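The following paragraphs lead the reader through a protein model, from its sheet to a pair of helices and then to its pockets. Please keep the sequence and the structure in view while reading.

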Amino acid sequence: MRSAKQHSGVLDRLGESIASGDRAPGTVLTLGGLEEEFGVSRTLVREVVRVLESMGMLESRRRVGVTVRPHEDWNQFDPRLIRWRLDGPGRNAQLLSLTELRAVIEPAAARLAAARADEAARHRLVELAARLKELGEARRGTDPEYLATDIAYHELLLAASGNPMLAALGSTIAEVLTGRTALGLMPREPAPGALDDHEATAAAVAAGDAATAEARARAVVTEVLEEVTDVTGDTS
């Protein structure tokens with residue numbers, strides 16, 4: 001248990017320092033240096049480095065050491081990288097890019113879900129939308145249950161599309177929603193229009209109305225994008 005906690009702690013600290021730019025691309029690290037810096041075993045340092053290599057953030061070379069790779073080589077969809085960026089100085093840019101991604105994929109997922117979702121998924125989506133509205137109207141938009149329900153709703157919408165690549169983005173969207181809450185961008189009382197659009201999207205998916213499902217899902221993410229753009233100050 002302690003080893004797993006240490007591993008997670010060192011991974012987060014090293015990953016955050018790279019994601020934030022404190023260790024810029026091209027920076028060369030050594031296993032010995034990391035071992036001394038974090039006060040852990042060489043074995044644990046190797047394990048952490050392997051994880052960051054799998055994410056495209058580090059590269060090990062014999063007689064060179066461990067080098068921080070360019071940003072464009074990183075796995076931009078890895079939930080850990082998203083979390084580190086949302087916790088760092090680049091949070092606004094990360095939140096904006098992820099919200100733009102949602103604006104592209106969620107309306108398409110809703111259209112596909114209306115055509116492909118099974119009855120259980122359609123029913124569950126309606127239930128989740130109704131619960132979101134109940135929690136929102138009770139001014140519980142910042143509660144953990146609201147966040148958990150919101151994540152379940154959007155993950156199910158992607159999964160119900162029947163497209164495994166869209167479904168695989170569920171954890172990415174979960175980090176976006178979690179990040180918005182952590183940054184204080186979720187009001188205690190969500191806008192009634194947003195709650196209505198969630199319900200309308202679910203109802204359209206349940207009814208097999210692809211065009212309406214796409215339109216109402218687009219309304220959901222468009223409102224979020226406008227909020228995020230106001231916060232980040234992006235005017236492009």
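In this predicted model, strand β3 (residues 65-68) is joined to β2 by four bridges, and the two strands run antiparallel. One of the residue pairings can be located directly: Arg-61 has Gly-65 of β3 as its bridge partner. Strands of a sheet pair through backbone hydrogen bonds, in either a parallel or an antiparallel manner.

The β2 and β3 pair belongs to an open sheet of three strands, arranged in the order β1-β3-β2 with antiparallel pairing. The edges of this sheet are formed by β1 (28-29) and β2 (58-61), each of which pairs on one side only.

Attention now turns to a pair of helices. Two packed helices are described by the angle between their axes and by the distance between those axes. For helix α4 (residues 79-86) and helix α5 (residues 91-116), the packing angle is about 135° and the axes are 7 Å apart. Helices α4 and α5 are therefore oblique to each other, since angles over 145 degrees would be needed for roughly antiparallel. On the α4 side, the contact is made by Leu-81, Ile-82, Arg-85 and Leu-86, while α5 contributes Arg-91, Gln-94, Leu-95 and Leu-98. Sorted by class, the residues of this contact are five nonpolar, one polar and two charged.

Helices α4 and α5 each supply at least two residues of its lining, and α5 provides the largest share, with five residues. The lining of the largest pocket comprises seven nonpolar, seven polar and one charged residue.

The second largest pocket holds about 180 Å³ of space. It is lined by 16 residues, and those closest to its centre are Arg-180, Met-186, Pro-190, Ala-194 and Val-224. Helices α7 (144-159), α9 (170-182), α10 (192-207) and α11 (210-232) each supply at least two residues of this lining. The largest share, four residues, comes from α11. By class, the lining of the second largest pocket has nine nonpolar, two polar and five charged residues.

How values were computed: Residues numbered from 1 in each chain as written. Predicted model: local features only at pLDDT ≥ 70, side-chain atom pairs only at ≥ 80, totals over all residues. Heavy atoms only, no water. Axes fitted to C-alpha atoms, helices over the stretch in contact; angles between N-to-C directions. Parallel < 35°, antiparallel > 145°, perpendicular 65-115°, else oblique. Contact = heavy atoms within 4.5 Å. Nonpolar A, V, L, I, M, F, W, Y, C, P; charged D, E, K, R; others polar. 1 Å grid on protein atoms, 1.4 Å probe; cavity = no way out; pocket = protein on both sides within 12 Å on 5 of 7 lines; lining within 4 Å. Points joined across faces, edges and corners; volume = space filled by probe spheres on them. Pairing = 2+ DSSP bridges.
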